[in-house]
Amino acid sequence: MPLPILPRRTALLGLAAAALPVGAHAQTGAGTGDWPNRPIRWVNPGPAGGAGDVISRFIADRLQGRLGQPVVVDNRPGAGTNIGMTQVARAAPDGYTVGLATIAANAANKWLYRNMPFDPEKDFAAVGLIALVPNIVVIPPAVPAQTLQEFIAWARAQNRPINFGSVGAGSSQHLAGSQFQVITGLRLQHLPYTNSGQMNSDLMEGRIDMLFQSISAVTQMAQAGRMRPIAVSGTGRVAAFPDLPTMQQQGIDITSTGWFGLCTPAGVPEPILARLDEELQGIVRDASLAERLSASGAIPRPMGRAEFTKFMAEESAKWRVVIEAVGASVD
């Protein structure tokens, strides 16, 4: 009789479709071949207006053009990026939630927080690196130093710890300050802020002594003389301040650089990860985007899934040494 045969035949067809390559899926509409067929949520674990938000919107705007579906940026800041990335880790692994991978959530936080809400190695799948984001070292105009070495000499003459601000524990700014403390032997006190604007104001008014700040956040104020740039924390000079030497060029062997990449929850099907990897690399290699990223103080750095996975593991190992050396902890 035909009725008992139909379910079995349907099941066999479904199994056959599941075995097809991704191109065949697209033709049949089965499996992951019809992905995406609805909007994709892009979780930025940092604040609106920050460097991560800017980069997220640059990439999401281009990604939706390539995928044919809206890619909606959802800012979920807090707990040093852990709030937003927890939502990514716990999302359904169906390709409709992606997250902005950062030095905090995907490298440093596991060494700062005793009770992490996710495992950065097991709970995410890497897609690719987008950009490196060096910081700029800025000080109040009232501090007489003009160079990094002059600032170190001034700091050693103060009979107190030197305060430095950052956008939160685990951020590239916090890690740069911790590394600076280890290498110079200065007594530093970390002051985490939830509001980058207030942090900049406190520096200009002399309430804090120095910042390792993202370039895009201080370019106009530094160029206007409201704060003084004395070094770049990355491996090379930056377009916004071409005459400003790096920390290495001034005798301090620090190359602290933040970074942003893309990841998904663990378990997303391989064809979707491969498609995201391909599209992301195409976007980051585009000359017009590279120009916009460079203007914001970032350095475009396309990197595929396997290489990005290795990169994050190396970053985690590197910052574990620094964090343990200064005894930094959030709990």
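The model is predicted. The protein has 12 helices and 10 strands. Its C-alpha atoms fill a box of roughly 95 × 40 × 30 Å along the principal axes.

**Overall build**

- Of the 331 residues, 51% count as buried.
- The protein exposes about 14800 Å², and carbon and sulfur atoms supply 53% of that area.
- Take the contacts between residues at least 6 apart in sequence: 75% of them join residues at least 24 apart.

**Helix α9 and what follows**

- Helix α9 spans residues 215–223, and its buried residues include Ile 215, Val 218 and Met 221.
- Thr 219 and Ala 222 in α9 are buried too.
- The buried residues of α9 pack against two strands that flank the helix in numbering, β7 (210–214) and β8.
- They also pack against β4 (124–139) and α8 (196–204).
- Just after α9, Gly 225 takes a positive phi of about 85 degrees.

**Ser 233**

- Ser 233 sits in the loop between β8 (228–232) and β9 (257–265).
- Ser 233 is buried, because its relative accessible area is 0%, under the 20% cut-off.
- Beyond its neighbours within four places in sequence, Ser 233 is in contact with Pro 134 and Asn 135, among others.
- Its other contacts include Met 247, Ile 254, Thr 255, Ser 256 and Thr 257.

**Salt bridges across the chain**

- The whole structure holds 11 salt bridges.
- Asp 74 and Arg 41 form one of them, at 2.9 Å from N to O.
- This pair joins distant parts of the chain, with Asp 74 in strand β2 (residues 71–75) and Arg 41 in strand β1 (residues 40–44), 33 residues apart.
- Asp 74 counts as buried at 17% relative accessibility, whereas Arg 41 is partly exposed at 25%.
- A network of salt bridges links Arg 41, Asp 74 and Arg 76.
- Arg 305 forms a salt bridge with Glu 270, with the closest N and O atoms 2.9 Å apart.
- That pair ties helix α12 (residues 305–326) to helix α10 (residues 270–284), with its partners 35 residues apart.
- Glu 270 is partly exposed, with a relative accessible area of 49%.

- Glu 279 and Arg 275 meet in a salt bridge of 2.9 Å, N to O.
- Both residues lie in helix α10, 4 residues apart, about one turn of the helix.
- An α-helix has 3.6 residues a turn, so residues three or four places apart point the same way.
- Glu 279 counts as buried at 10% relative accessibility, while Arg 275 is partly exposed at 28%.

Notes. Residues are numbered from 1 along each chain as its sequence is written. This is a predicted model: local features need pLDDT of at least 70, side-chain atom pairs count only at pLDDT 80 or more; totals for chains, interfaces and linings use all residues. Side-chain values use heavy atoms; hydrogens and water are left out. Buried means under 20% relative accessible area, exposed over 50%, partly exposed in between (1.4 Å probe, protein chains only). Contact means heavy atoms within 4.5 Å. Accessible areas come from the Shrake-Rupley method with a 1.4 Å probe; for residues, only the protein chains shown count as cover. A salt bridge is a side-chain nitrogen of Lys or Arg within 4 Å of a carboxyl oxygen of Asp or Glu.
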